[in-house]
Structures are given as C-alpha cells and as structure tokens.
Amino acid sequence: MLGEVKQVTVSACGGKWFVSIQTEREVKQSLPNGGAVGIDMGVVRFATLSDGTAYAPLNSFRRHEAALRRAQQAMSRKVKFSNNWKKAKARVQRIHSRIGNARRDFLHKTSAAISQNHAMVCIEDLQVRNMSKSAKGSAEQPGKRVRAKSGLNKSILDQGWFEFRRQLDYKLAWNGGYLIAVPPRNTSRTCPCCGHVSADNRQTQAEFRCMECGFEENADLVGAINILRAGHARLACEVSGAVVPPAAGTHRSDSIGLDA
Ligand SMILES: [Zn+2]
C-alpha cells in the first residue's frame with residue numbers, strides 16, 4: 001500500500017465481494033502535461049474535443065435494456081420468494097451490475113485519458129441536474145416537448161455526464177491541471193472563423209455552416225472550439241476571482257478497489 005491506510009470497506013454486490021482500501025499520503029504537486037482543450041458533450045458523440053478527437057456514446061443501459069426487460073418479466077412470472085424467483089432476481093441484479101460496470105469503466109478511461117494529456121480543460125456548465133428533472137412540468141405549467149426532452153434526459157443520465165465532470169475535476173487536480181466551466185451561451189451558434197452569431201448557422205444537429213462567411217465544420221467540433229475560447233476568456237478576466245490556481249503540495253486521497 002502507498003501511504004497510510006485510512007479505511008477498508010468490504011461490500012457485496014451482484015454476487016461478488018469487493019474490498020476497497022482508502023489511503024492517504026503526501027504527494028508532490030505534479031506539473032500538468034499538455035495544453036488547453038475544450039469539450040462539447042453530446043448525445044450522438046459522448047464528447048468532442050476542440051482538437052478533433054471524438055468519443056463514441058456509451059448508451060450502455062439501452063444496449064442492455066432488452067435483456068433487462070426480459071429478465072424482469074421472467075421474474076414477475078415466478079411465485080414470489082420461491083427458489084425460481086430468487087434465481088430470476090439474481091439474474092436481474094447481475095444485469096444491473098453489468099450495466100454499472102460498463103459505465104464506470106468507460107467514464108474512468110475517458111476522464112483519465114483527457115486529464116493526463118491536458119493542463120486546462122474547458123467544459124460547458126450544463127445544469128445536468130436541472131436538465132434531467134422531469135420534463136413533464138407541473139399541472140399549472142405543463143412542460144414543452146416532453147417526449148423529446150425525456151429522451152434527451154434519459155441519454156444524459158445514461159451517459160453519466162455529471163459523474164464524468166466530477167472525475168475530470170479531481171483527476172485534473174491530481175495532475176496539477178484544472179477544469180473550467182463556462183456558461184453554455186451561444187457556444188453552438190457562434191462561427192469560430194468570423195464570430196457571426198446566429199441560430200441559422202446550425203441548420204441540422206450535426207452540421208455547422210456560417211451564414212456570413214460560409215465556414216463549414218462538424219457542429220460538435222465548432223462547439224468544442226467555442227467552449228475553449230470562452231474558457232480562455234474567463235481565465236483572462238477572472239485571474240483574481242473565481243478561478244484559483246491549484247496550490248502546491250496538496251493531499252491526495254486514493255481509493256483502490258480490489259475484486260476479491
Ligand atoms: Zn463565419
């Protein structure tokens with residue numbers, strides 16, 4: 001073990017045992033690798049970086065949805081608390097834990113790769129929690145485009161955008177880099193070439209074409225470039241304010257999971 005063991009947690013999940021060991025140690029603040037990058041989060045592509053790198057969507061839940069539904073139906077047909085019911089229940093739990101594992105693995109790999117190669121990462125300050133609130137609205141104020149929104153909400157929750165941001169934040173801090181959240185204003189409608197702002201610049205979800213200068217590019221990449229610029233602008237304006245450079249010699253708290 002590296003460092004002083006602070007806590008050991010033994011847990012059982014989906015028929016497997018897990019041991020998680022938390023340690024604490026003093027680390028030298030490392031110097032970040034690489035430059036600045038902007039990230040556009042999307043449903044079609046999970047993430048698009050301003051350097052052109054794209055990460056495919058996860059959608060792990062949807063991929064397993066059919067299997068899960070079948071297992072749940074089979075379970076509902078069994079006599080409650082019978083041996084066959086218990087077997088069916090274990091199957092449902094196994095599928096649930098497989099979905100969780102696939103998601104965690106994807107999010108950790110992606111956030112690790114991005115944080116190891118960049119000193120500054122800019123991301124849209126999407127209120128994921130608000131967006132994924134029920135799209136239905138209330139009796140007095142019924143929601144608009146309920147179906148479309150609930151589909152998007154499902155994708156957002158499914159792809160773990162919030163968890164991804166949390167991981168990027170602490171992994172960047174480990175490497176001496178930092179995360180900058182920028183307000184999502186006009187990031188998808190501004191031309192990175194001439195600065196023209198118009199909703200018409202984005203006629204379809206995938207394609208960006210400037211009505212003023214004719215610049216054409218993938219819409220997600222345009223978003224990522226604009227997010228990076230907004231991040232640079234924020235950093236320049238708020239050096240004395242909200243954006244605090246990381247302090248030297250910070251504590252690092254690790255958690256290592258062991259599959260027993
Ligand atoms: Zn333009």
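In helix 2, L107, H108, T110, S111, A112, I114 and S115 meet E163, F164, Q167, L168, Y170, K171 and L172 of helix 5, a contact being heavy atoms within 4.5 Å. Helices (H or I, at least four residues) and strands (E, at least two) are DSSP runs numbered from the N terminus. All of this comes from a predicted model, where local features need pLDDT of at least 70, side-chain atom pairs count only at pLDDT 80 or more, and totals for chains, interfaces and linings use all residues. Residues are numbered from 1 along each chain as its sequence is written, and side-chain values use heavy atoms, with hydrogens and water left out.

As for how this pair is set, the axes of helix 2 (residues 83–116) and helix 5 (residues 161–174) come within 9 Å and cross at roughly 40°. Here axes are lines fitted to C-alpha atoms, for helices over the stretch in contact, and angles run from 0 to 180 degrees between N-to-C directions.

Then there is the metal site. The zinc ion is held by the SG atoms of C191, C194, C210 and C213, at 2.3 Å; donors are N, O and S atoms within 2.8 Å of the metal (3.2 Å for Na, K and Ca), and sites may look incomplete since water is not among the atoms. Along the chain, the zinc donors are spaced C-x2-C-x15-C-x2-C.

Zooming out, the chain has six helices and ten strands.
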